[in-house]
Amino acid sequence: MNCENCNTPISGVGTVCHHCQFPYNGTIEEKDLFYGKQISQKQELQEANKNLKKAANSLFVVAGIMLFNGIVIYLSADSPIDLIFFGIVSICLLTFGFLLNKAPSIFIIAGLSLITLVYILLAIANGPEVLFKGIIFKIIIYTLLIKALVETNNAKNIRNLNKSLM
Ligand SMILES: [Zn+2]
C-alpha cells in the first residue's frame, strides 16, 4: 500500500505516513484536516519566499545606493579610489542578495556588517563628522537591512516549522 498523499510505500506499523504524516488510518475528517493544513503551509511557504525576495531586493537597493555614492564622489572629487571602494562594496552586496536564499540571515547580517565596516572606515579616514553626511541615506540603508533581517528570520522560522511537520 502506498500513501494517498505522497505515494511513499507505507510500512505496516503506525497510523500516519512516516514520510508526510498523512493519517492514512484516520477518519475522513482527520484526512481533510491534514489536507487543509498542507494548503495553509504551502501559503505560508509562499509568504516566506516573498519575504526573502523582498529582503534580497533591499540588499540590491543598498548596493545601488553605495554605487551611486561612489559615482557622486568620483565625479565631484575626481577620486577613482572611492569609485573602486564603493564599487567593491556594491558588488559584495549584490552577491549577498543573489545568495540570500542559501542562508538568509547570514547574508543579511553580512550586509549589515559590511555597511557598518564601511562607515567605520570612512569615519577613521575622514573624521567622525562624515557619518552625518547623507544621514538620510544611512537611515534608509539601516532601516531596509534591519527590516530584511526580520523578514528573513520570519521566513526561516516558517521554513523550519514546515520542515518539521512535513
Ligand atoms: Zn505520505
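Tutor: Start with a definition: a residue is buried if 20 or more other C-beta atoms lie within 10 Å of its own, exposed if 12 or fewer, and partly exposed in between, with C-beta atoms placed from the backbone. This is a predicted model, where local features need pLDDT of at least 70 and side-chain atom pairs count only at pLDDT 80 or more, while totals for chains, interfaces and linings use all residues. Residues are numbered from 1 along each chain as its sequence is written.

Student: OK, is phenylalanine 137 buried, exposed or partly exposed, and why?

Tutor: Phenylalanine 137 is partly exposed, because 14 other C-beta atoms lie within 10 Å.

Student: Where does phenylalanine 137 lie?

Tutor: In helix H4, residues 135-165. Helices (H or I, at least four residues) and strands (E, at least two) are DSSP runs, numbered from the N terminus.

Student: How far is phenylalanine 137 from valine 62?

Tutor: They are 75 residues apart in sequence, and their C-alpha atoms are 9.2 Å apart in space.

Student: New topic. How many helices and strands does the chain have?

Tutor: The protein chain has 4 helices and 0 strands.

Student: And how spread out is the chain?

Tutor: Its radius of gyration is 24 Å, well over the 15 Å that the globule rule gives for 166 residues, so the chain is more spread out than a compact globule. That radius is taken over C-alpha atoms, and the rule is 2.2 Å times the number of residues to the power 0.38. The C-alpha atoms fill a box of roughly 75 × 25 × 20 Å along the principal axes.

Student: What share of the residues is buried?

Tutor: Of the 166 residues, 21% count as buried.

Student: Back to helices. How do H1 and H2 cross?

Tutor: The axes of H1 (residues 28-77) and H2 (residues 80-99) come within 8 Å and cross at roughly 175 degrees. Axes are lines fitted to C-alpha atoms, for helices over the stretch in contact, and angles run from 0 to 180 degrees between N-to-C directions.

Student: Which makes them what?

Tutor: Roughly antiparallel to each other. Angles under 35 degrees count as roughly parallel, over 145 as roughly antiparallel, 65 to 115 as roughly perpendicular and the rest as oblique.

Student: What is the chain like over residues 59-77?

Tutor: There the chain is 100% helix and 0% strand, with the end C-alpha atoms 27 Å apart.
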